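This briefing concerns a protein chain and its ligand. Please examine the sequence and the structure before reading the notes that follow.

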Amino acid sequence: TRNLIFILGDQLSRSLPNLMSADRKKDIVFMCEVAEETTYVPHHKQKLVFILSAMRHFAEELREDGWQVDYVRLDDADNSGSFTSELTRAVKRHKPQSVTLVHPGEKRVLGDIQRWRDTSETPLKIYDDNRFVTDLAFFQKWAEGRKTLRMEYFYREVRKATGLLMQGDDPAGGEWNYDQDNRKPASDDLFLPKRLRFEADAITRDVIDMVEDEFAGHFGTTEAFGYAVTASDAERALDHFIKEALPCFGDYQDAMLSGHQFLYHSLISPYINAGLLDPMKACQKAEDAWKAGKAPLNAVEGFIRQIIGWREYVRGIYWTSEDNYTRQNALNANRPLPGYFWSADTKMACVKAVVEQTRDQAYAHHIQRLMVTGVFCLLAGIDPHEVHEWYLSVYVDAFEWVEAPNVIGMALYADGGKLGSKPYAASGAYINRMSDYCERCQYSVSKKTGENACPYNSLYWDFLIRNRERLENNPRISRSYSTWDRMKDDRKADYLATAKGYLAQIEHL
Ligand code: FAD
Ligand code: DLZ
């Protein structure tokens with residue numbers, strides 16, 4: 001009797017429940033690289049390299065541990081191209097008694113697998129995914145009966161349940177959240193730690209060659225590829241972050257600086273999402289640094305909140321939302337995504353900087369994703385589904401369960417406020433305060449209307465006016481409507497005319 005242990009490309013953990021309960025003497029691990037997964041969106045080249053190389057390394061490690069691994073490569077001659085068709089072929093090869101799988105992270109894949117199970121003679125068992133701090137039942141129980149779902153309250157429950165940064169029943173230091181300390185702009189004389197990047201080994205180089213051949217037309221470059229592709233290197237990256245960057249993580253969490261893509265961020269999202277790093281362990285290490293006096297509470301609390309708060313919360317939102325979540329469009333935004341989201345060919349220095357670093361690193365930090373490209377798409381009324389597909393393609397850490405709530409919900413408010421209490425609409429002043437982008441921009445951030453005025457300034461008002469009916473009763477933005485109403489008519493007209501001009505030539509901003 002043997003079982004087939006099917007492991008997907010974002011399940012690269014030795015502690016997977018289907019692996020833990022298997023017998024390495026009898027059972028067979030099955031992994032496959034398939035065209036359907038490499039092309040369901042045009043993934044950034046570095047995302048492809050990261051996942052395929054991490055999968056190959058994981059398979060090697062399992063073999064070294066004594067597992068028998070059946071690994072199908074993308075360029076294998078008989079590769080049939082999808083998870084389910086490859087599973088069918090593997091079942092024919094091995095004739096297992098049953099197949100086991102950990103719950104896929106994506107509804108699309110779950111649906112395919114369930115359909116496969118419905119017609120298969122071989123039973124398939126799906127285990128819960130244990131690589132999160134809480135299980136989905138925890139979120140569902142918390143969400144039950146609540147009129148609104150807000151991350152902050154969910155987060156407090158996870159703090160209590162895990163004991164992280166707790167002193168008895170109270171939060172360490174007396175507050176649950178120290179974000180008021182976390183909004184310092186960065187200046188270019190900051191000492192920025194050199195980040196640990198990893199040399200490509202023979203396996204990664206092979207994958208890079210394949211990606212450059214087979215996916216030549218995809219966005220991005222592979223030259224700067226420096227991601228860890230094994231659990232042990234991911235752990236080294238985490239340790240390096242905790243020692244070198246965590247102490248300043250809080251202070252400069254929202255800052256943006258030209259030429260410094262990473263600032264004090266951790267760069268661990270791809271590792272946690274692919275299963276190379278355990279989120280709870282990352283939090284415990286950060287807590288230990290605080291206990292040892294090596295990192296301040298505002299930094300450690302902010303970091304832990306991103307992981308046990310935001311990350312767990314968006315997963316709950318994804319799995320409790322309608323299946324058409326990525327098609328939601330509460331604000332009826334219909335403009336196509338401008339070409340400079342791929343070419344970086346725009347005069348807006350902030351968008352240019354973020355798209356360029358996204359192209360070169362497959363990375364942008366949270367505020368760049370939210371307040372530069374995200375706010376632009378919100379204000380300009382870009383079709384949320386197109387925006388969603390862009391984000392899902394271009395970031396190395398992008399998997400739909402985490403990307404979609406952040407894009408459709410947080411950045412675009414296209415879910416009508418399920419995830420966030422208000423749209424993150426902001427004028428150019430925010431970017432100017434938190435970055436140095438505006439200094440070198442061809443547009444003037446201090447100019448509100450007319451020629452060369454920063455597009456964010458007039459698009460901000462145009463957005464609010466376009467969506468007045470929907471938003472003006474929201475207490476968190478009603479003040480902006482009062483400001484608008486007090487404005488002189490010719491000023492209002494200038495704003496709307498400037499915005500209209502920009503929207504008419506949106507491809508050329
Ligand atoms: P840090 O700033 O060091 O944060 C530490 C960790 O907290 C991250 O590694 C991540 O695991 C977690 N985290 C932080 N913020 C969030 C969040 N809002 N949601 C979930 N986890 C969070 N994150 C992804 O992992 N995949 C995505 O596809 C993704 N798309 C996003 C799209 C938009 C529009 C926005 C606004 C945010 C998105 N995020 C996404 C969240 C966040 O931007 C990234 O997790 C973060 O930038 C990763 O870099 P880091 O590891 O240096 O993070
Ligand atoms: C993202 C991705 C890519 C690009 N390629 C593969 C692959 O070839 N084989 C595989 O097992 N997984 C891949 N993945 C990750 C899957 O898309 C991921 O498991 C699903 O999104 C389910 O969360």
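Which helices each supply at least two residues of the shell around ligand 1? They are helix H11 (269–274), helix H13 (297–320), helix H16 (366–380) and helix H18 (400–411). The model is predicted, and the protein chain has a mean pLDDT of 95.

**Surroundings of ligand 1**

- Ligand 1 is surrounded by 28 residues, of which the closest are His265, Ser266, Ser269, Gln306 and Glu403.
- By residue class, the shell around ligand 1 consists of 15 nonpolar, 9 polar and 4 charged residues.
- Domain 2 (136–327) and domain 3 (340–508) each contribute at least three residues to the shell around ligand 1.

**Domains and their contact**

- The domain assignment divides the protein chain into domain 1 (3–127), domain 2 (136–327) and domain 3 (340–508).
- Between domain 1 and domain 2, the C-alpha centres are 26 Å apart.
- In the contact of these two domains, domain 1 takes part with 21 residues and domain 2 with 22 residues.
- Helix H3 (residues 45–64) provides 11 residues, the largest share of the side of domain 1 that touches domain 2.
- That side of domain 1 comprises 9 nonpolar, 7 polar and 5 charged residues.

**Confidence**

- A pLDDT of 70 or more is reached by 100% of the residues of the protein chain.
- The scores of the model are ipTM 0.99 and pTM 0.97.

Definitions and conventions. Residues numbered from 1 in each chain as written. Chains lettered and ligands numbered in written order. Predicted model: local features only at pLDDT ≥ 70, side-chain atom pairs only at ≥ 80, totals over all residues. Near = placed C-beta within 6 Å. Helix = DSSP H or I, 4+ residues; strand = E, 2+ residues; numbered from the N terminus. Nonpolar A, V, L, I, M, F, W, Y, C, P; charged D, E, K, R; others polar. Domains from an automatic or database assignment. Contact = placed C-beta atoms within 7 Å. pLDDT = per-residue confidence, 0-100.
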